[in-house]
Amino acid sequence: MRSSNGYDLSDVSRESMSLQKINSCVRALILENFVYGYDESQLSDDTSFIQIGVLDSTGIMEMIELVEKNFNITVNDSEILPENFDSINCISNYVYRKLNKREAV
Amino acid sequence: LRICSKCTLNDNIPSVRIDDEGVCNYCRQSSVADGAGSSAAAEAEKKEMQFISECEKYRDLPYQVLLAYSGGKDSTYTLCLLRKKYGLSVLTATFDNGFLTEQCRTNIHNVTASLGVDNITIKPSFSKLARIFCYTGSREVFPKKALERASSICTSCIGMVKAAVLKEAVMRRIPFVSFGWTPGQVNLKASMIKLDHKMILANQKQIEQPITDRFGPEYANYFLNEEWLDKNKDYIPTYVYPLVFSQYNEEAILEEIKKTGWVRPEDTDMNSTNCLLNSYANMLHDSVYGYNPYSLEIANLVRSGFMSRGEGLKKISEPGDRSVVDYVESVLAPYMPAI
């Protein structure tokens, strides 16, 4: 499956994904499904979703659903933290840790 | 202006794109999600069972749930569910923003009496609230994305409501906080959730900061204090929204709540059954951004089959009562020069 941004989303749930690959997938998912109004150039990997109003109390749950479905992971309530979901980099690092189970998230 | 042929969204909304077939990106995404797993009913039942099971742990408490009770139809029906269906002890908390209709006040009295529940009213100084409403209604103080879900005035009001009820629940050690959010406002996964205090504070900051920056630290009283919440983080309640895991049917809801003495106010707009400010807030939002702030919620209800497309289009296109808008403007007028 290839996104309209040109990213390959076919292997997003594979545990062997590199952080860079996860980052590309997260970026594509966020741009396609969440922050529709933004150009790719406007959204850096560190843009705070809270600052741009995306991660309010409703938005955070939409974001989590998107991440769970696309990476085939389960987000626990205790993991719903700004440091795990506030930017593309935050999400990528979180997903990477979950997929690789290298440390408790 | 293009309107999606499947739901009710139009392309004045920044996040909406309508394709060559006349279908919006929300509907496209929704159909992909449905194909991935059509187990919404099972998931809803699971959430409900989880809620019932969790409630059992707190049977001995004076109040198991604190409900943010606006007196509108959805929070009234939520109260009916909590009391009649789940048999829970409920404390209702009403945030009086100065624009509740007389019928709404009567409804709160009648419904709480009928269902045998206690009610507390939180009433901040009207002059301070009016200044906040004038300020947030006339300036772009909140992110555009947040304004897709509610008007600027409603965003500020709801932000204070959320903080007030959470504060009450933490102080009273009540384990659940409930709101009458509909399936159009909240997705199923979020229908019962315990949020970390850092996430709550991060969300709150978006509302609190523009207000305290403009009016000073005195206005921080209407929000959760970071240090206080940190000290009390073990008592942060679980949020639960029973309407989200119930079958949402407006006619059935109105029929049920009538039994408790609830009567529909005649002076509110199509999207509110308690607050006069709503008509004014919607009018401002529509005039600035070109769409009704209830658009996403209504479209979600239409997409989920809880509302017909025709009914949805009517709800978002019918203008508020001009006399109500004029009344609200006249009440707020003395506070406009202060900003």
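The axis of a helix is a line fitted to its C-alpha atoms over the stretch in contact, and the angle between two axes runs from 0 to 180 degrees between N-to-C directions. The model described here is predicted.

Helix α7 (residues 152–172) of chain B packs against helix α11 (residues 277–289) of chain B at an angle of about 135°, and their axes lie 7 Å apart. That angle makes α7(B) oblique to α11(B), because an angle counts as roughly antiparallel when it is over 145 degrees and as roughly perpendicular from 65 to 115. On the α7(B) side, the contact is made by B:Ser152, B:Ile153 and B:Cys154. Helix α11(B) brings B:Leu277, B:Asn278, B:Tyr280, B:Ala281, B:Leu284 and B:His285. Sorted by class, the residues of this contact are six nonpolar and three polar, with no charged ones.

A second pair is also in chain B. The axes of helix α3 (residues 73–85) of chain B and helix α10 (residues 250–258) of chain B come within 10 Å and cross at roughly 65°. The two helices, α3(B) and α10(B), are therefore roughly perpendicular to each other. Their crossing is left-handed. From α3(B), the residues B:Lys73, B:Asp74, B:Thr76, B:Tyr77, B:Cys80 and B:Lys84 take part; they meet B:Glu250, B:Ile253, B:Leu254, B:Glu256 and B:Ile257 of α10(B). In this contact of α3(B) with α10(B), five residues are nonpolar, one is polar and five are charged.

The remaining topic is how the two chains meet. Chain A gives 28 residues to the contact and chain B gives 25 residues. Between them, chain A and chain B bury about 2300 Å², with 54% of this area on carbon and sulfur atoms. Three salt bridges are counted between chain A and chain B. The side chains of A:Glu62 and B:Arg149 form a salt bridge, at 3.7 Å from N to O.

Definitions and conventions: Residues numbered from 1 in each chain as written. Chains lettered and ligands numbered in written order. Predicted model: local features only at pLDDT ≥ 70, side-chain atom pairs only at ≥ 80, totals over all residues. Heavy atoms only, no water. Helix = DSSP H or I, 4+ residues; strand = E, 2+ residues; numbered from the N terminus. Parallel < 35°, antiparallel > 145°, perpendicular 65-115°, else oblique. Left-handed = near helix turned anticlockwise from the far one by under 90°. Contact = heavy atoms within 4.5 Å. Nonpolar A, V, L, I, M, F, W, Y, C, P; charged D, E, K, R; others polar. Buried area = accessible area lost by both parts, 1.4 Å probe. Salt bridge = Lys/Arg side-chain N within 4 Å of Asp/Glu carboxyl O.
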